[in-house]
Amino acid sequence: MIKIEQDLATIIKNAVKKTFPEIPDNVIAESLSLEVPKEKKFGDFSANIAMKLSRELRKPPFEIAGSIIKNIEKSYSIQDVKVEKPGFINFYISNKAVAGALEDIIKEGAGFGVSTAGKNKKVQIEFVSANPTGPLTVAHGRQAAIGDSLARILKFCGYDVIKEYYVNDEGVQIQALGKSLRARYMELMGEKSDFPENGYKGKYIYDMAQKLKDSGVVERSSAPLSDDFFMEHATREIMKTIVKDLEDFGVHFDVWYSQKALAKSGKVEKAIDDLKKKEFLYEQDGATWFKSTGLGDDKDRVIIKSDGSYTYLTPDTAYHKEKFEKGYHRIINIWGPDHHGYINRIKAACQALGYDTEKLSILIAQLVTLYRDGKPVKMSTREGEFITLREVMDEVGRDAARFFFIMRRVESHLDFDLALAKTQTLDNPVYYIQYAHARISSIIEFSKDALPNLKNLVLLDKEQELDIVKAMMYYPKIIEAAASNLEPSILLTYLQDLAGLFHSYYNAYRIVTDDKPLTETRITLIQAVKKVIASGLGLLGVTALEKM
RNA sequence: GCGCCCAUAGCUCAAUUGGAUAGAGUGCCAGCCUACGAAGCUGUAGGUUCCCCGUUCGAGCCGGGGUGGGCGCGCCA
């Protein structure tokens with residue numbers, strides 16, 4: 001919370017206490033919140049406490065507000081206080097306080113907006129975690145952009161953030177991958193191929209087989225044609241491209257957690273054992289079942305199949321057990337839309353093991369539909385018909401790709417118009433924000449000898465100038481909202497608004513004039529805008545350009 | 001059939017988590033460059049927030065019922 005807001009909160013609290021001494025402190029604290037009114041004529045901050053207290057006091061809100069307002073202390077930061085219709089108490093900030101806020105913003109520099117909300121709290125965020133059976137698709141791209149941006153925002157709020165990728169490097173699909181590669185390789189060697197029914201038909205398998213043939217590794221090997229060889233080779237090669245794609249996308253993981261290693265560690269058996277001890281397991285039809293029904297799941301789940309192997313849920317339960325044991329304050333998973341039916345299952349498992357599932361937030365990054373020439377692009381991973389993250393990055397650039405993936409709320413479907421993301425003109429929202437940043441850089445360069453100066457901030461008296469400072473004042477609130485809602489799109493929307501305010505201001509007033517003190521002051525203002533935009537774009541993983 | 005997500009201006013989406021007269025962009029139309037980047041700005045038009053009940057000082061937001069769309073529902077991962 002910013003200083004002015006804190007001051008106002010204290011002032012209101014005191015006024016309410018003085019007016020209604022019978023109301024307990026905790027009730028006041030609960031009912032007290034400050035909002036930024038949608039409409040400017042309702043002031044800069046608004047309190048709805050009179051409405052909240054209406055029932056308790058058995059009086060109309062308007063009357064309560066009228067009584068409270070009489071006890072509001074005078075403060076240099078308050079220009080005016082008014083009671084409005086149903087019972088809002090609206091505060092109008094003085095120009096002096098606005099200038100003070102700008103001074104704070106400048107002084108805090110890159111640290112402006114940083115919060116201590118997450119101090120000493122560890123957060124783990126697991127995302128992408130795509131199976132190494134093919135290249136990353138646009139769906140993974142969205143998960144990557146969201147997860148990485150969220151991690152940056154949480155870090156900015158003081159959390160100790162660990163970014164993790166769960167590598168699904170064993171199981172039926174990996175076996176199918178190995179068999180697919182082997183079959184393609186045999187084809188190239190002119191031998192009979194036995195391409196598996198559930199195999200991967202994408203072109204990348206052919207390419208990999210070709211490379212393998214060219215390298216001659218297989219011929220030189222002593223036990224050349226085993227399934228294991230092809231499986232391990234394919235997994236390793238695909239992981240390499242995944243890591244490279246993510247690095248190029250600006251996403252770096254702290255931990256790559258191997259399912260295979262987990263299986264070898266004995267932790268899976270330990271997790272099964274725990275479930276057994278807590279009497280959540282039973283045998284039926286030759287399989288071992290997890291009794292998840294009472295824990296929010298709609299049916300029981302198999303944990304050990306009748307052939308003795310595990311289902312996906314089994315090692316995943318062990319994985320989540322470990323997450324909880326590491327003592328994270330918060331555990332965040334970002335999954336694709338095809339996994340939403342799985343949420344209750346894994347939560348049931350965590351609950352059965354005795355963990356607090358409130359700590360576990362599972363976000364579903366909803367579907368991305370790519371549009372080309374106004375028509376949706378059809379995709380199917382298995383058939384090898386899909387657009388990769390790499391292709392999108394190459395086509396529209398990293399900045400536009402990241403921006404577009406974050407543009408909508410996490411749980412909303414996303415229409416991604418490739419042509420639009422590519423346009424370097426007016427329609428493209430990425431450029432709108434980057435353009436504001438570049439324009440400011442250019443003006444600062446042009447003004448050369450006019451340096452930022454905090455002495456004459458009161459010269460900022462134009463409505464648009466004050467609006468810009470106020471918008472920046474709300475930046476820490478926006479960061480907090482994005483963090484607590486796990487929604488980077490909140491920050492993105494804010495940056496569009498801030499850039500818009502700047503562009504309007506630029507068109508209405510000259511920054512650089514013959515009046516030196518005024519020029520210096522305006523340069524100070526836009527300098528601050530530049531920093532906030534750079535800060536925000538940085539949290540989205542988008543470059544703030546000096547020139548474009 | 002069951003579960004999850006979604007439905008707001010012609011289109012794509014916001015709306016400070018229950019606040020005041022529901023806002024932007026885009027598209028249409030009309031304007032603004034002999035001074036700082038026109039990749040920009042200003043203005044006009046555009047709404048039964050899918051429908052019906054309910055909860056309360058107040059509902060686009062919460063609850064119930066419906067309609068339409070997407071996704072999921074395996075001893076797959």
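Modeller: Let us begin with the largest nonpolar core, which has 147 residues, and in which Ile153, Leu491, Val529 and Ile533 touch the most other members. This is a predicted model, in which local features need pLDDT of at least 70 and side-chain atom pairs count only at pLDDT 80 or more, whereas totals for chains, interfaces and linings use all residues. Residues are numbered from 1 along each chain as its sequence is written, and chains are lettered from A and ligands numbered from 1 in the order in which they are written.

Biologist: What makes a set of residues a nonpolar core?

Modeller: The members must be buried Ala, Val, Leu, Ile, Met, Phe, Trp, Tyr or Cys residues, joined through C-beta atoms within 7 Å. Buried here stands for 20 or more other C-beta atoms within 10 Å of the residue's own, exposed for 12 or fewer, and partly exposed for anything in between, with C-beta atoms placed from the backbone.

Biologist: Which residues does Ile533 touch, not counting residues up to four places away in sequence?

Modeller: Ile533 touches Ile433, Ala436, His437, Leu495, Leu498, Ala499 and Ala544, where a contact requires C-beta atoms, placed from the backbone, to lie within 7 Å.

Biologist: How many residues does each domain give to the contact between them?

Modeller: Chain A is assigned domain 1 (3–93) and domain 2 (102–117 + 426–540), bounds that come from an automatic or database domain assignment. The C-alpha centres of the two domains lie 29 Å apart, and the contact takes 4 residues from domain 1 and 4 residues from domain 2. On the side of domain 1 that touches domain 2, the residues divide into 2 nonpolar, no polar and 2 charged; for this count Ala, Val, Leu, Ile, Met, Phe, Trp, Tyr, Cys and Pro are nonpolar, Asp, Glu, Lys and Arg are charged, and the others, Gly among them, are polar.

Biologist: Why is H21 called roughly antiparallel to H22?

Modeller: The axes of helix H21 (residues 475–485) and helix H22 (residues 488–508) come within 7 Å and cross at roughly 155°. Angles over 145 degrees count as roughly antiparallel, those under 35 as roughly parallel, 65 to 115 as roughly perpendicular and the rest as oblique, and therefore H21 is roughly antiparallel to H22. The axes are lines fitted to C-alpha atoms, for helices over the stretch in contact, with angles running from 0 to 180 degrees between N-to-C directions, while helices (H or I, at least four residues) and strands (E, at least two) are DSSP runs numbered from the N terminus.

Biologist: Which residues make that contact between H21 and H22?

Modeller: H21 contributes Ile478, Ile479, Ala481, Ala482 and Asn485, and H22 contributes Pro488, Ile490, Leu491 and Tyr494. The residues of this contact divide into 8 nonpolar, 1 polar and no charged. Across it, the C-alpha atoms of Ala481 and Leu491, 10 residues apart along the chain, are separated by 8.5 Å.

Biologist: Why is Ala481 called partly exposed?

Modeller: Ala481 has 14 other C-beta atoms within 10 Å, a count that falls in the partly exposed range.

Biologist: Why is Val128 called buried?

Modeller: Val128 has 30 other C-beta atoms within 10 Å, and so it is buried. Its loop runs between strand E5 (122–126) and helix H7 (138–156), and its phi is likewise positive, near 65°.

Biologist: Which residues of helix H15 are buried, and what covers them?

Modeller: In H15 (residues 343–352) they are Arg345, Ile346, Ala348, Ala349, Cys350 and Ala352. The cover includes helix H13 (267–277), strand E9 (287–290), strand E10 (301–304), helix H14 (313–325) and strand E12 (360–364). Just after H15, Gly354 takes a positive phi of about 90°.

Biologist: Why is Gly538 called partly exposed?

Modeller: Gly538, which lies in helix H23 (residues 516–540), has 15 other C-beta atoms within 10 Å, and therefore is partly exposed.

Biologist: What share of the residues in chain A is buried?

Modeller: Buried residues make up 39% of the 548 residues in chain A, whose secondary structure comes to 23 helices and 15 strands.

How values were computed: Two residues are in contact if their C-beta atoms, placed from the backbone, lie within 7 Å.
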